[in-house]
Amino acid sequence: MENRDIFRIYLDSENAEITNDTTGNYTFNIRLPNRKVNYTNYVLYVDDFNICLKGLTTTDLQVKLGISQYNSYNSATKANNTVVATLFNPNTASARTDDLTLTYSGTNNPNQISSIPDNLNVEIVDIDNVGINLSNANNYWILNLRVEAFYD
């Protein structure tokens, strides 16, 4: 069995160090205790992502982290991939009467990363890379990440 430490990172739109709700940009300082310095490999999982789109008619969104996935490619950026979740709204009727919550679970989808960041930038954008404006009504999100850090 491999030696590993598991770190949980729970983020929400209401408690970022730097927030720009109108562009869907959030920055967090990640303060993890008991990190070793000799990790050989890191795997990131998006265990849960939930977003409330109260009154918005957003049809699609992507969650991007300011962290590149090792050995990856994204056709939009022509470089390493930073997208960790993509959600499509199944309820796009303009006369929707219920407020909408979208949920993503990627518990079994590994993302190879090069390190655990001290600062993490989260972007909520649409498929055209335009920030989702979450500043009106009661729009918010939560992101539950897990990082498995392996060592000898």
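**View 1. Asp60 counts as buried, at 13% relative accessibility.** Here buried means under 20% relative accessible area, exposed means over 50%, and partly exposed lies in between, with a 1.4 Å probe and protein chains only. The model is predicted: local features need pLDDT of at least 70, and side-chain atom pairs count only at pLDDT 80 or more, whereas totals for chains, interfaces and linings use all residues. Residues are numbered from 1 along each chain as its sequence is written, and side-chain values use heavy atoms, with hydrogens and water left out. Asp60 lies in strand 5, residues 60-65. Strands are DSSP runs of E with at least two residues, helices are runs of H or I with at least four, and both are numbered from the N terminus.

**View 2. Strand 5 is mostly covered.** Six of its six residues are buried. In a regular strand, side chains alternate between the two faces of the sheet. Asp60, Gln62 and Lys64 point one way from strand 5. Leu61, Val63 and Leu65 point the other way. Both sets are buried.

**View 3. Strand 5 pairs with strand 6 and with strand 8.** Two strands count as paired if DSSP finds at least two bridges between them. Strand 5 and strand 6 (residues 83-88) run antiparallel and are joined by five bridges. Across that pairing, Lys64 has Val83 as its bridge partner. Strand 8 also pairs with strand 5 in the antiparallel sense, over four bridges. In strand 8, Ile124 stands opposite Val63. Val125, also in strand 8, stands opposite Gln62.

**View 4. An open sheet of four strands has the order 1-9-4-7.** Its pairing is antiparallel. Strand 1 (3-12) and strand 7 (101-113) stand at the edges with a single partner strand each, so one side of each has no neighbour in the sheet. On average, neighbouring strands of this sheet are turned by 10° against each other, direction ignored. Strand 4 (residues 39-52) and strand 9 (residues 140-151) pair over 12 bridges, in the antiparallel sense. Among the residues of this pairing, Val43 has Glu148 in strand 9 as its bridge partner.

**View 5. Asp47 is a buried residue of strand 4.** Its relative accessibility is 5%. What do its side-chain polar contacts reach? A polar contact is a pair of N or O atoms within 3.5 Å; within protein, one must be able to donate a hydrogen and the other to accept it, and residues adjacent in sequence count only if both atoms are side-chain atoms. The side chain of Arg8 is joined to that of Asp47 by a contact of 2.4 Å. The side chain of Arg146 is in polar contact with that of Asp47 at 2.9 Å.

**View 6. The largest cavity has a volume of about 60 Å³.** On a 1 Å grid over the protein atoms alone, a cavity is a set of points where a 1.4 Å probe fits but cannot get out; lining residues have an atom within 4 Å of a point. Grid points are joined across faces, edges and corners, and the volume is the space filled by probe spheres set on the points. The count is one cavity of 30 Å³ or more. Ile9, Ile30, Leu44, Leu65, Ile67, Ile116, Pro117, Leu120, Leu145 and Val147 form its lining. How do these residues divide by class? The lining has 10 nonpolar residues, no polar and no charged. Ala, Val, Leu, Ile, Met, Phe, Trp, Tyr, Cys and Pro count as nonpolar, Asp, Glu, Lys and Arg as charged, and the others, Gly among them, as polar.

**View 7. Asn34 and Asn129 have positive phi values.** Most residues other than glycine have a negative phi. Asn34 has a phi of about 55°. Asn34 sits in the loop between strand 3 (25-29) and strand 4. Asn34 is exposed, with a relative accessible area of 68%. Phi of Asn129 is near 70°. Asn129 belongs to the loop between strand 8 (119-125) and strand 9. Asn129 is partly exposed, at 45% relative accessible area.

Terms used: Axes are lines fitted to C-alpha atoms, for helices over the stretch in contact, and angles run from 0 to 180 degrees between N-to-C directions. On a 1 Å grid over the protein atoms alone, a cavity is a set of points where a 1.4 Å probe fits but cannot get out, and a pocket is an open set with protein on both sides within 12 Å along at least five of seven lines; lining residues have an atom within 4 Å of a point.
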